[in-house]
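Here is a friendly note to read beside the model. Please keep the structure open and follow the points in order.

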Amino acid sequence: MEIYSESVTRIDLLHRSRIEEQLNPLREVLLNHRIYGEMDHLDALRLFMEHHVFAVWDFMSLLKVLQRRLCCVGVPWVVPADPQACRFINEIVLAEESDDDGRGGIASHFELYHRSMKQCGADTAGIDGFLSDLRQGVPVLTALGSPAVPEAARRFVEKTFEIIETGNLCAVASAFTFGREDLLPDVFQRIVEKLNTQAGGKLDCFKYYLERHIGLDSDEHGPMATRLVQSLCGSDESLWKVAEETAASCLVARQQLWDGIYDAVNGKGIASGEADV
């Protein structure tokens, strides 16, 4: 299996085009979702972050499955079957788990997000309690049952772990690659910039997170992840079918998460200018 081989690239063109054709309508729905129209106040953005942080967390679980399956993380060490895949995954882990934190230190992207929540006053009790349960050995699905975990976030993470538990590496790689592509449109970043000005810099950390995470995804990690899916699926039509179906189901799950956040924002009565920054 070679990520950069010419034969893989030729095989892939048709399959990649087919996946893009299937995903484009779903992606458009997400990029134009009504949730962005509600992000005109800091309280609404805080609630968004309290849900979305769970998606930031479970992204790492997808990555760790890929690292465990494609790299040697045990003892005794053995040579990875595909050095290119191993290098790619380890590069992603390096950036996602130990990036420059913008303050002269090192932090994971999850920690940057968590720090952003703290800075802007978002409630971290839900994600903190969830992680505390995991550290104590509570199974993921049980920990998700806590009342502190938002319902829409719980359903989203359950979908992710449903994919992980299939054990299908192509499905996991597809979820990682196509289900987590940059789905926060430019308008979202402009909203954050505007709110940050209004809030006197309370979103400085969040702006930095967006710049680091989205920038790396689009410029470096996205293209390499696509080649990884291509390499794993090869010329096997059944594997490409799994990749297509998984990618579509992940975008549907993301839409449902966005729908749940929209309902939560409106249920709190903080949409359309009803709350102060």
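1. Contact means heavy atoms within 4.5 Å. By that rule, and not counting residues up to four places away in sequence, Leu-45 touches Met-39, Phe-188, Val-192, Leu-195, Leu-203 and Phe-206.

2. A word on the source: this is a predicted model, where local features need pLDDT of at least 70, side-chain atom pairs count only at pLDDT 80 or more, and totals for chains, interfaces and linings use all residues. Residues are numbered from 1 along each chain as its sequence is written, and side-chain values use heavy atoms, leaving out hydrogens and water.

3. Of its 90 residues, Leu-45, Phe-48, Phe-130, Phe-188 and Phe-206 touch the most other members. Helix α2 gives this core its largest share, 18 residues. (Helices are DSSP runs of H or I, at least four residues, numbered from the N terminus.)

4. Next, find α2 (residues 42-70) and α3 (residues 83-97), whose axes come within 10 Å and cross at roughly 145°. These axes are lines fitted to C-alpha atoms over the stretch in contact, and angles run from 0 to 180 degrees between N-to-C directions. Among the residues that meet are Phe-59 and Leu-63 in α2, and Ile-89 and Val-93 in α3.

5. Is Ser-116 buried or exposed? Ser-116, found in helix α4 (residues 109-120), is buried, because its relative accessible area is 0%. Not counting residues up to four places away in sequence, Ser-116 touches Met-49, Cys-205, Phe-206 and Tyr-209.

Key. Helix = DSSP H or I, 4+ residues; strand = E, 2+ residues; numbered from the N terminus. Buried < 20%, exposed > 50% of the residue type's maximum accessible area, 1.4 Å probe, protein only. Core = buried A, V, L, I, M, F, W, Y, C linked by side-chain atoms within 4.5 Å.
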